[in-house]
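Here are some exercises to work through with the model open beside you. Try each task before reading its solution.

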Amino acid sequence: MSSTMLRSLSRAAPSSASLRIRSNRLQIQSSQLPAETCLLQGRRGQRRHAGIHAISNPTLAGIEKRWEEMPPQEQADLWMALRDRMKTNWHEMTLQEKKAAYWIAFGPHGPRALPPPGQNKQVFWYTMLGVGIAAILFAISRQLARPAPKTMNAQYQAMTNEYLKSQKTEPITGVSSEGYKGKGMIQSKPRRGPPPDEDEE
């Protein structure tokens, strides 16, 4: 009974040599794993940026003058290419690429475009022309208008003050008040010609 149990235990228990081989294999695999992962990451990064090449200088030459005349699709393609270049190391970008990326992002174009030369003078003179035309139309309308009413003269308005005083109108603070020194109803210039008649009151 005991001999059979020992035989079965000896068969089931692994030998020390096999345990050492297994531990060595595990150590080798664990030591090789970081290197392989780094290698795979490096290869993935190379594949990712393999198609991103430097943009040729003729493509970026004179971009400040050509940008407004370029079709929208071409502008979008160029900006996407520059954006992909900016995702890489900036030390690998050329000077032309850096200048073009800065100018497209912050340059004076589109809503930031500067006014054309002479625009301020043009706006000033057009404004003066509009004011002059308005003044001429106002003068013509004044010439063609009817004459001022007969009541719009200082003599008639002075007679109106005397009438209000005779009627004791506004005796507290108005024309009929004691010591009143205001103009009362007088607000027009003196009339040219004879004074108004009594019928005009």
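A salt bridge here is a side-chain nitrogen of Lys or Arg within 4 Å of a carboxyl oxygen of Asp or Glu. The model is predicted, so local features need pLDDT of at least 70 and side-chain atom pairs count only at pLDDT 80 or more, while totals for chains, interfaces and linings use all residues. Residues are numbered from 1 along each chain as its sequence is written, and side-chain values use heavy atoms, leaving out hydrogens and water.

**Exercise 1. Work out which residues of H5 are buried and what they pack against.**

Step 1: Helix H5 covers residues 72–86, which is 15 residues. From its first C-alpha to its last it reaches 21 Å, close to the 21 Å expected at 1.5 Å a residue; the expected span is 1.5 Å times one less than the number of residues.
Step 2: The buried residues in H5 are Gln75, Leu78, Leu82 and Arg85.
Step 3: They sit on the same side of H5 because they cover an arc of only 90° around the axis. That arc is taken from the directions from the helix axis to the C-beta atoms.
Step 4: Pro72 and Gln73 are exposed on the other side of H5.
Step 5: The buried residues of H5 pack against helix H3 (57–60), helix H4 (63–66) and helix H6 (95–106); contact means heavy atoms within 4.5 Å.

**Exercise 2. Describe the overall build of the protein.**

Step 1: Count the elements: there are 8 helices and 0 strands.
Step 2: Of the 201 residues, 15% count as buried.
Step 3: Among contacts between residues at least 6 apart in sequence, 51% join residues at least 24 apart.
Step 4: The protein exposes about 17000 Å², and carbon and sulfur atoms supply 59% of that area. Accessible areas come from the Shrake-Rupley method with a 1.4 Å probe, and for residues only the protein chains shown count as cover.

**Exercise 3. Which residues form the nonpolar patch on the surface?**

Step 1: The patch consists of Tyr126, Leu129, Ile133, Ile136, Leu137, Ile140 and Leu144, with about 760 Å² of accessible area together. Patches take residues with over 30% relative accessible area and no salt bridge, joining like charges within 9 Å and nonpolar side chains (Val, Leu, Ile, Met, Phe, Trp, Tyr) within 5 Å.
Step 2: Take Leu144 as an example: this residue is in helix H7 (residues 119–144) and is exposed, with a relative accessible area of 71%.

**Exercise 4. Examine the phi angles of Lys168 and Glu170.**

Step 1: Most residues other than glycine have a negative phi.
Step 2: Lys168 has a positive phi of about 55°, and phi of Glu170 is near 55°.
Step 3: Lys168 is in the segment after helix H8 (154–166), and Glu170 lies in the segment after H8 too.
Step 4: Lys168 is exposed at 62% relative accessible area, and Glu170 counts as exposed at 51%.

Definitions and conventions. Helices (H or I, at least four residues) and strands (E, at least two) are DSSP runs, numbered from the N terminus. Buried means under 20% relative accessible area, exposed over 50%, partly exposed in between (1.4 Å probe, protein chains only).
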